[in-house]
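The sequence and model come first.

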Amino acid sequence: MSTAESATSTATRRTPGLVPVTETMRTTERTEEPATDHPAAGPSGPSAPSGRRSAARATWAFWRLLGSELGLTFRRPRNLVMLAVLAAVPVVIGVTLRLVGGSDDGMGGIIQAVAGNSLMLTFVSFSFLVLLLMPVAISVVAGDSIAGEAGGGTLRYLLAAPAGRTRLLAVKYLNAVVYAYAVTAVVALSALLTGLVLFPAGPVTLLSGTTIPVLDGLVRIAITVGYVGAGMAALAAIALALSTFTEVSIGAIAGTMVLVIVCQVLRAIPELGSITPYLLPTKFTNFDAVLRSPIDTGALADGLLTFGAYILLFGTIAWARFSGKDITS
Amino acid sequence: MRRGTFVRWGVPIAAAAVIGAAIGAGPVIAAVSGEPALPERSAAQLLADAVAATNKEGGAAPMSGTVQQTSSLGLPALPSSGSASPLSLLSGSHEVKVWFGAADKLRVAMPTQLNETNLILNGGEGWYWDSATNTATKLTIKKGDTHTPATPVPQPSDLTPQQVAERVLAHADEHTAVRVINNAEVAGRPVYQLVLSPKEEGSLVQEVRIALDGETYVPLQVQVYAKGSAEPAFQLGFTQVTFTPPAAENFTFTPPPGAKVEEKTIGLEDMRGKQAEQHAEHAERVASEAKVVGDGWASVAVIPFSLSDLTAAATGTPDASATPGGPGEHFGEGADPQALLDSVLKSATPVSGTWGSGKLIKTKLVTALLTDDGRLLVGAVTPEEITKAAGTK
């Protein structure tokens, strides 16, 4: 760190492949200069509109950057393949249940519920996918966000543009969140379509044994998508934080996956029952609260608070690390 | 290092502090705000009010909430035996949801991962729904000819704090020091805590705390503290409670299409049949031979018992010498009684004295001694007390 500093102070600040903190700070300040440069010239006159204009320009730049990031994310073949694989899982589950269903009497209640109603396939698919496959997809995108740019040598170009590090981080995180919701929605849609094709539609039987109309069932699926997406967004915050610590994106991706798997192992140990409520993956499966009558809002709120806490903690860690990091590649 | 680095990392540290504070806030606030939230009251007044509140017209107030049960009895690790087994209640933490409309309107739901078990009582009929097996059981509760009055008390409702509190209150006599705390809080409501501490030296129980709601006098929490531990060894109480009448649809149940429907009548009729007679006979015989040594909190139950009976019953081999309907049959299906027995006996320490020799099983609250001459001594007492009891024949 000190060598980088001395290099920039002594040299002409044109060292290729070196964007220290001070320089990106300066580039961000430069964009705000029109707003703060001449406050003495006209205290009431030109400063206020120009400030508003630059703020508007900044928001526009933010959305443009986000748009280009989203375009990159959703055009990447790798990310599209992951979406396709996740969309295929509900189809596989549905076909399997269709082939097995009806012949066996010793099936679990939830399997029978799927055989009886098309909407239940969505919940079953989520209960399989939230444990491992969806976290893999999200950590690939979020873990790649900063480390991938750093490893590819493109991070310094992103920072050379007057974007600012905080804004870049926010764009990267929002990009990962949008992808998380895309994954969740794709799984839900695929499961819903498969279910409608393979199983009879009609009133949905909840876990509590009560029956609700189809429309109500669809509303509950929408709530589930919102909840699971929020959980994946919390995981994306962890992956983003790890991503700021390394220049090898596979390191951040694998690190996030190791965390998820370690959490699952810890949950399986009964002696550690006291810590499981604080682990993130424990809350992923809380979406079954919507299948109860009345909806267990307490469990959902509890899960959302946990997600918020994780996003706050790891978001600030990512910010602290990224805003103070020397970009050397 | 740049000066800004410290400032920057202060942000996540502050975030962690805020989250930690939010998690720990509940207990800390309860401990710090020591001001009495309720007017002072003696134990007798409190009990009278509580009894009046439960006996008044219309019974207890309608309410709904979440009940959590936690036990850390210090038992040896039990083999996991399915979440539905009653044995699973002996360790760990469990949560049920309770909706209580009136004396004959009750719903108890036990949510588990993607499954739910429900017990719904409405008037004379009840439903037991298990989503795991997709089975609805219609329970018809016989009135009149049973010893239970018009308010049927189903087994799972043993878990509501009311019943547990009643049971513990029955013990309050000259052996117990009773005091009242009026600044405690349970499930966000100010409560009176009735603290019962045993006077006997030999008891393993430090104190029993019963929390009564400050307004409605409904028991909200029962805690049993073992000697020498700050955390309750057993705790049963509401973590969330509202005193508004629950929605009527909680108490109606229609079996969903496609579900298996079974019927069952609860009443004395269940007790007919040969096996039940044998059970009763056996229980009678045991009861006539059983005796209680010591009194109050330090009482020890002495029951004639032999290990071979239990092992035979547990393994299920019809041994001619085995007592019909041995204790092993009381273990529910799904739990492997043999494995349980093995793990319990493995943790037992062999002891001996002037009274003979045997195996001692010690937990935080209960000590059991299985003597080699075929007696089982159980009590909430220290090992010294129980060996003393073993000496008095």
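What share of the contacts in chain A with a separation of 6 or more comes from residues 24 or more positions apart? Such residues account for 76% of those contacts, two residues being in contact if their C-beta atoms, placed from the backbone, lie within 7 Å.

## Model and conventions

This is a predicted model, in which local features need pLDDT of at least 70 and side-chain atom pairs count only at pLDDT 80 or more, while totals for chains, interfaces and linings use all residues. Residues are numbered from 1 along each chain as its sequence is written, and chains are lettered from A and ligands numbered from 1 in the order in which they are written.

## Chain A overview

Chain A has 13 helices and 2 strands. Helices (H or I, at least four residues) and strands (E, at least two) are DSSP runs, numbered from the N terminus. Of its 329 residues, 42% count as buried. A residue is buried if 20 or more other C-beta atoms lie within 10 Å of its own, exposed if 12 or fewer, and partly exposed in between.

## Nonpolar cores

A nonpolar core is a set of buried Ala, Val, Leu, Ile, Met, Phe, Trp, Tyr and Cys residues joined through C-beta atoms within 7 Å. The largest one holds 82 residues, of which Ile138(A), Ala236(A) and Ala237(A) touch the most other members. Helix 10 (residues 214-243) of chain A supplies the largest share of this core, with 15 residues. Apart from this core lies another, of 59 residues, including Ala109(B), Ile120(B), Val218(B) and Tyr225(B).

Neighbours within four places in sequence left aside, Ile138(A) is in contact with Ala176(A), Tyr179(A), Ala180(A), Val183(A), Met232(A), Leu235(A), Ala236(A) and Ala239(A).

## Helix packing in chain A

Two packed helices are described by the angle between their axes and the distance between the axes. Axes are lines fitted to C-alpha atoms, for helices over the stretch in contact, and angles run from 0 to 180 degrees between N-to-C directions. Helix 9 and helix 10 of chain A pack at an angle of about 145°, with their axes 8 Å apart. Their crossing is right-handed; a crossing is left-handed if the near helix is turned anticlockwise from the far one by less than a right angle, and right-handed if clockwise. Among the residues making the contact are Ala176(A), Ala180(A) and Val183(A) of helix 9 and Met232(A) and Ala236(A) of helix 10. By class, this contact has 17 nonpolar, 2 polar and 1 charged residues, where Ala, Val, Leu, Ile, Met, Phe, Trp, Tyr, Cys and Pro count as nonpolar, Asp, Glu, Lys and Arg as charged, and the others, Gly among them, as polar.

The axes of helix 6 (residues 120-129) and helix 9 (residues 165-198) of chain A come within 8 Å and cross at roughly 135°. Helix 6 and helix 9 of chain A are therefore oblique to each other: angles under 35 degrees count as roughly parallel, over 145 as roughly antiparallel, 65 to 115 as roughly perpendicular and the rest as oblique. This crossing is right-handed. Helix 6 contributes Leu121(A), Thr122(A), Ser125(A), Phe126(A) and Leu129(A) to the contact, and helix 9 contributes residues including Val187(A), Ala188(A) and Ala191(A). The contact has 7 nonpolar, 4 polar and no charged residues.

## Interface between the chains

In the interface, 29 residues of chain B are in contact with 27 residues of chain A. On the chain B side, at least two residues each come from helix 1 (3-32), strand 2 (91-102), strand 3 (105-112) and strand 4 (115-122). Helix 1 of chain B gives the most, with 9 residues. The residues of this side divide into 14 nonpolar, 12 polar and 3 charged.

## Backbone and loops

Most residues other than glycine have a negative phi, and most peptide bonds are trans. The bond from Ser293(A) to Pro294(A) is cis, with omega near -5°. Pro294(A) is in the loop between helix 12 (280-284) and helix 13 (297-323) of chain A. Ala187(B), not a glycine, has a positive phi of about 50° and lies in the loop between strand 7 (176-186) and strand 8 (189-198) of chain B. Tyr217(B) has a positive phi of about 60°, and is buried, with 21 other C-beta atoms within 10 Å.

Pro245(B) is in the loop between strand 11 (234-242) and strand 12 (260-266) of chain B. Pro245(B) and Ala61(B) are 184 residues apart in sequence and 8.2 Å apart in space, C-alpha to C-alpha.
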